[in-house]
Amino acid sequence: MNEQLFISGACVLGGLFSCICAGLNLDFFMNARKAQFFVKCFGRTGARIFYIIFGIILVGVGVGFYTGMI
């Protein structure tokens with residue numbers, strides 16, 4: 001149970017972090033070395049949209065894992 005709660009919480013927190021940082025267009029997040037790949041591929045606005053969608057999916061995975069649907 002504790003492992004399930006930890007993994008679910010990590011997914012939800014990571015997803016929220018991604019959504020908030022991309023939504024607020026925070027420079028430290030969008031200028032990170034790993035985010036630069038998506039910024040180069042999609043442009044900054046496209047990368048923000050990608051990270052918001054990724055965050056929503058990650059929150060969904062966390063909730064699904066916690067409820068036992070995944």
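A residue is called buried when its relative accessible area is under 20%, exposed when the area is over 50%, and partly exposed in between, with a 1.4 Å probe and protein chains only. By this definition Ser-18, at 4% relative accessibility, counts as buried. The model is predicted, so local features need pLDDT of at least 70 and side-chain atom pairs count only at pLDDT 80 or more, while totals for chains, interfaces and linings use all residues. Residues are numbered from 1 along each chain as its sequence is written, and side-chain values use heavy atoms, with hydrogens and water left out.

The chain holds three helices and zero strands. Helices (H or I, at least four residues) and strands (E, at least two) are DSSP runs, numbered from the N terminus. Along the sequence the pattern reads α-α-α. Taken along the principal axes, the C-alpha atoms fill a box of roughly 40 × 20 × 20 Å. Of the 70 residues in the chain, 23% are buried. A contact means heavy atoms within 4.5 Å. Among contacts with a separation of 6 or more, 57% join residues 24 or more positions apart.

Two packed helices are described by the angle between their axes and the distance between the axes. Helix 1 covers residues 2–23, and helix 3 covers residues 36–67. These two helices pack at an angle of about 160 degrees, and their axes are 7 Å apart. The axes are lines fitted to C-alpha atoms, for helices over the stretch in contact, and angles run from 0 to 180 degrees between N-to-C directions. Angles under 35 degrees count as roughly parallel, over 145 as roughly antiparallel, 65 to 115 as roughly perpendicular and the rest as oblique. Helix 1 and helix 3 are therefore roughly antiparallel to each other. Their crossing is left-handed. That term applies if the near helix is turned anticlockwise from the far one by less than a right angle; clockwise gives right-handed. The residues of this contact divide into 17 nonpolar, eight polar and one charged. Here Ala, Val, Leu, Ile, Met, Phe, Trp, Tyr, Cys and Pro count as nonpolar, Asp, Glu, Lys and Arg as charged, and the others, Gly among them, as polar.

Two serines of helix 1 were examined in turn. Ser-8 is in helix 1. Its relative accessible area is 4%, so Ser-8 is buried. Not counting residues up to four places away in sequence, Ser-8 touches Gly-62, Phe-65 and Tyr-66. A polar atom of the Ser-8 side chain lies 3.2 Å from the backbone nitrogen of Tyr-66. A polar contact is a pair of N or O atoms within 3.5 Å; within protein, one must be able to donate a hydrogen and the other to accept it, and residues adjacent in sequence count only if both atoms are side-chain atoms.

Ser-18 is also found in helix 1. A polar atom of its side chain lies 2.8 Å from the backbone oxygen of Tyr-51.

Phe-29 belongs to helix 2, which spans residues 27–30. Phe-29 is buried, because its relative accessible area is 13%. Leaving aside neighbours within four places in sequence, Phe-29 is in contact with Phe-17, Ser-18, Cys-21, Ala-22, Ala-35 and Tyr-51. Phe-29 and Ser-18 are eleven residues apart along the chain, and their C-alpha atoms are separated by 8.5 Å.

Other positions in helix 1 were also considered. Gly-14 lies in helix 1 and is partly exposed, with a relative accessible area of 27%. Its C-alpha atom is separated by 7.1 Å from that of Gly-55, 41 residues apart along the chain. Phe-6 is in helix 1 and, at 64% relative accessibility, counts as exposed. Phe-6 and Gly-62 are 56 residues apart in sequence and 9.6 Å apart in space, C-alpha to C-alpha.

Asn-25 sits in the loop between helix 1 and helix 2. At 31% relative accessible area, Asn-25 is partly exposed. Most residues other than glycine have a negative phi. Phi of Asn-25 is positive, near 55 degrees.
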